[in-house]
Amino acid sequence: MSDQLRWVKIAGTVAELPIGANNLAEIIVKGKKVCIGNWGGELFAFIPSCPHAGGPFSKGFIDVLGNVVCPLHRYKFCLKNGRNVSGEGYYLKRWPVKVNEEGVFIGFDKGVFENLL
């Protein structure tokens, strides 16, 4: 699968990411907004706005079960699989994150980066 991804470096280390007290950050990657979540020491990358009404996830929070919660209507999405766990039927678009000695990277599908967000 990793040979089908374009890995884009977003930081030299995890500490360089602007993750707030709510364990979320909105960053710009190649001119596109991406939300980063840190839950249990694992990083997750996903769309910056809730697919329901566009609430900015960076203003929400991550609950104790590892769900990112939209600040507008409290819709919840599992960071591990993108499923809408509060029952509304939406899906959270996510991308893999890897951290190694070279930095922090997000893996985007090759050739479709411009259409991701």
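**Exercise 1. The fold of the chain as a whole**

Find what percentage of the contacts in the chain between residues at least 6 apart in sequence join residues at least 24 apart.

*Solution.* Taking contact to mean heavy atoms within 4.5 Å, and looking at contacts between residues at least 6 apart in sequence, one finds that 44% join residues at least 24 apart. Before going further, note that this is a predicted model, in which local features need pLDDT of at least 70 and side-chain atom pairs count only at pLDDT 80 or more, whereas totals for chains, interfaces and linings use all residues. Residues are numbered from 1 along each chain as its sequence is written, and side-chain values use heavy atoms, with hydrogens and water left out.

The next step is the secondary structure, in which helices (H or I, at least four residues) and strands (E, at least two) are DSSP runs, numbered from the N terminus. The chain has 0 helices and 10 strands.

For the overall dimensions, the C-alpha trace spans about 35 × 30 × 25 Å along its principal axes. The radius of gyration is taken over C-alpha atoms, and the globule rule is 2.2 Å times the number of residues to the power 0.38. The chain has a value of 14 Å, which agrees with the one near 13 Å that a compact globule of 117 residues would have.

**Exercise 2. Surface and charge**

Work out how much of the accessible surface of the chain belongs to carbon and sulfur atoms, and how far apart the centres of the positive and negative side chains lie.

*Solution.* Accessible areas come from the Shrake-Rupley method with a 1.4 Å probe, and for residues only the protein chains shown count as cover. The accessible surface of the chain is about 6300 Å², and 50% of this belongs to carbon and sulfur atoms.

Turning to residues, buried means under 20% relative accessible area and exposed over 50%, with partly exposed in between (1.4 Å probe, protein chains only). Of the 117 residues in the chain, 40% are buried.

For the charges, Lys and Arg count as positive and Asp and Glu as negative, while His and the chain ends are not counted; the place of a charge is NZ of Lys, CZ of Arg, CG of Asp or CD of Glu. There are 14 positive and 10 negative side chains, and the centres of these two sets lie 4 Å apart.

**Exercise 3. Two hairpins**

Trace the pairing of strands S2 and S3, continue to S4, and then examine the turn residues Lys30 and Gly40.

*Solution.* Two strands pair if DSSP finds at least two bridges between them. Strand S2 (residues 24-29) and strand S3 (residues 32-39) are antiparallel and share 6 bridges, with Ile36 in S3 as the bridge partner of Ala25. S3 is in turn joined by 5 bridges to strand S4 (residues 42-46), again running antiparallel, and Ile36 stands opposite Ala45 in S4.

Now look at the turns. The hairpin of S2 and S3 has 2 residues between the strands, and Lys30, found in this loop, takes a positive phi near 50° although Lys30 is a residue other than glycine. Lys30 counts as exposed because its relative accessibility is 57%. The hairpin of S3 and S4 likewise has 2 residues between its strands, and there Gly40 has a positive phi of about 60°.

**Exercise 4. The open sheet of 3 strands**

Determine the order of the strands in the open sheet of 3 strands, and decide whether Asn67 is buried or exposed.

*Solution.* The order is S5-S6-S7, with antiparallel pairing. Strand S5 (61-62) and strand S7 (76-78) are the edge strands, since each pairs on one side only. S5 pairs with strand S6 (residues 67-69) over 2 bridges, and Phe61 stands opposite Val69 in S6.

Asn67 lies in strand S6 and counts as buried because its relative accessibility is 6%. Leaving out residues up to four places away in sequence, Asn67 touches Phe61, Ile62, Lys76, Phe77, Cys78 and Val85.

The loop between S6 and S7 holds Arg74, which has a positive phi of about 65° although Arg74 is not a glycine. At 48% relative accessibility, Arg74 counts as partly exposed.

**Exercise 5. Ala11 and Pro18**

Decide for Ala11 and for Pro18 whether the residue is buried or exposed, and list the contacts of Ala11 and of Pro18.

*Solution.* Ala11, found in strand S1 (residues 5-11), has 7% relative accessibility and therefore counts as buried. Beyond its neighbours within four places in sequence, Ala11 is in contact with Glu16, Leu17, Gly103 and Val104.

Pro18, in the loop between S1 and S2, has 52% relative accessibility and so counts as exposed. With neighbours within four places in sequence set aside, Pro18 is in contact with Leu24, Ala25 and Ile27.
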